[in-house]
Amino acid sequence: VSQSRYDSWVYTDRGIIKAPELTLEDKVWDGNKFQKVLDVFTEDNREFYEVKTSSGYTIKSVGNHLHYTQRGFVDTVSLKVGDELFVSVQDKESDLACYQIVEIPKFKNDRNPVKVSHIAIDEDIAFTLGWFTGDGCFTKGDNRVRFVGSYEKGQDSLNKIRSIYSKYCVVPSIQRRGPVIELCVASKGIRYMFEQVEIMKKAHEKSIPEIIMKSPRSVQCAYLRGLFSSDGSFSSNAPRITSTSSSLLSDVQVLLASLGIKSSWGKMSNAHVGRDGYDRKDIYQLYLRRSTAQRFVSIIGFEGYKKELSEEWARNYILSKNTEHSEKIVSIKQIEYQTCYGATVEGSLYSVNGLITHNTSHAIGMNMIGAILDEANFFQTGAQDPNKSVVEYSKISQMYSAVLNRGRSRFKAYSIVTGK
C-alpha cells in the first residue's frame, strides 16, 4: 500500500504500527490471516488523495494505488463517490505483541520517588492511561498528573486507579471539587512515564499512544475500557465518545476494528464562538454499531456504574459474526505532496486504517507483471501458450513500457481476467 507517514496504521503480528515501521520481518493482516511482507520502499514528493467512507474510515494514498472495491481493484484516481471499500474487522490477536516497558530514571529532590526502575505498560497502567485520555489533566511545569471523575458515580473507578499507583509511589490524594472528585499523583517518575508515553496533549490534539497500539490485545482492551468508562456515554441506546480531537476518534475506530468491533464517527457541529467569546473547536462523536454490542461488552466493557448499562444494552442485540463489511465512499479529495511508504505482501492484500487494500503499484509493476507475462508467455511478441491460462490485459503494452522506462511505475491499474 502507498501510504502517508503519519496517517496510516498497519495491522501486523507485532501490533498496530505506523507504515514507515514495516520491515521484511513483519507479517500483516489481510482480513483472514497474517501474510509475510516481501518488500518495503519509499518515494519522495508523491501526490496524495484522501478517501473517506460513510463511517469515517479514512485512507490516504497515491493516485495509482489499488483499492479493493465492490467492482474489483480500482486505483485511487478512478474511485468514485458511492464506491464501496471493505472494512477488515480482525478477530486474531497479534502473535508477537508484548508489554511495552518505560525505564524510569532517578530524579533529584523527588518527594515521591517511584519504587521501581521501570514500569510495564500492562492492563492496569493501560486502564489509567485510557481514563487520563478521557478525563485527565496536567499543568505544564508541574509534577502532578490528575484524574477526574464524578463525585456521585466515579469514586469506585478512581479508587481503583489510586490502588494501582500506590504500588509504585506514595498513595495518591483524592479531593472533592464540587460535583467532581480529583485524584492527584504527585511524582516526577510517574509524570516522566506519562511524557514518554506521549499522552499529555491538549484536548484537540489527543490520540491513542503508539505504545498502546503496539501492545497485546488485553492491554488495548484495558485502555479502551478506561477511555469509555471516563469519557463514554450512552446516547440513543449505544455507547459513544465525544471529543474535539478527530485524530483520537480515528485511532479509536482503527483499534476497535482490530478487536473485531465496528464503529462510526464524524463531526457533530461546526466551530463557533461561544457566549463567553472563546472559540469552540469542532466536536466529533464516535458510536458503536449495535451488531457488535456483545463483543464490545465481553472483551472491553466498562468500569463502575456504566458497566450495568452496557450489559443491558448488549443483551438486546445479537453478536455479528461478519469479519468484513462494505463501506460507501463519501469523499475523495486531493491533498498535499508527501513521502510515500510502500510495501509488497504475500497474498496481495492487507489492512490499513481498518480498510482492506492492495499491494503498491510498484509491487504490481516490478514483481507481478513479469510473472504474469511469463505465465501467459506474452512478451512483446504477443505469443501465447494454448496449454496455459489466458491472461487478458487491457493496454498491456503501455503497462509494459511503463515498467521498463519508469522503474517504480506510475501507471494505472488494469483489470486482470483469467480463464481457460
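Predicted model: local features only at pLDDT ≥ 70, side-chain atom pairs only at ≥ 80, totals over all residues.
Residues are numbered from 1 along each chain as its sequence is written, and side-chain values use heavy atoms, with hydrogens and water left out. Local features need pLDDT of at least 70 and side-chain atom pairs count only at pLDDT 80 or more, while totals for chains, interfaces and linings use all residues.

Colleague: How many helices and strands are there in the chain?

Modeller: Helices (H or I, at least four residues) and strands (E, at least two) are taken as DSSP runs, numbered from the N terminus. On that basis the chain has 10 helices and 25 strands.

Colleague: What share of the residues is buried?

Modeller: Buried means under 20% relative accessible area, with exposed over 50% and partly exposed in between (1.4 Å probe, protein chains only). The chain has 420 residues, and the buried share is 50%.

Colleague: Which strands are at the edges of the open sheet of four strands?

Modeller: The order is S11-S12-S14-S13, with antiparallel pairing; two strands pair if DSSP finds at least two bridges between them. An edge strand here pairs on one side only, which applies to S11 (136–138) and S13 (173–177).

Colleague: Which residue in S14 stands opposite arginine 177?

Modeller: S13 and S14 (residues 180–186) run antiparallel and are joined by five bridges. Opposite arginine 177 stands valine 180.

Colleague: At what angle to S12 does helix H3 run?

Modeller: Axes are lines fitted to C-alpha atoms, for helices over the stretch in contact (heavy atoms within 4.5 Å). Angles run from 0 to 180 degrees between N-to-C directions. Helix H1 (residues 123–135) lies across S11 and S12 (144–150), at about 75 degrees to S12. Helix H3 (residues 188–197) lies across S11, S12 and S14, and its angle to S12 is about 80 degrees.

Colleague: Which residues of H3 are buried, and which residues have the most contacts inside the largest nonpolar core?

Modeller: A nonpolar core is a set of buried Ala, Val, Leu, Ile, Met, Phe, Trp, Tyr and Cys residues joined through side-chain atoms within 4.5 Å. In H3 the buried residues are Gly189, Ile190, Arg191, Met193, Phe194 and Val197. Leaving aside neighbours within four places in sequence, methionine 193 contacts Val102, Ile104, Ile119, Ile121, Ile125 and Tyr165. The largest core has 86 residues, and those with the most contacts inside it are Ile121, Phe147, Met193 and Phe194.

Colleague: Which residue follows H3, with a positive phi?

Modeller: At the start of H3, a side-chain oxygen of serine 187 reaches to within 3.3 Å of the backbone nitrogen of glycine 189. After H3, the residue with positive phi, near 60 degrees, is glutamate 198.

Definitions and conventions: Polar contact = N/O pair within 3.5 Å; in protein donor to acceptor, adjacent residues only side chain to side chain.
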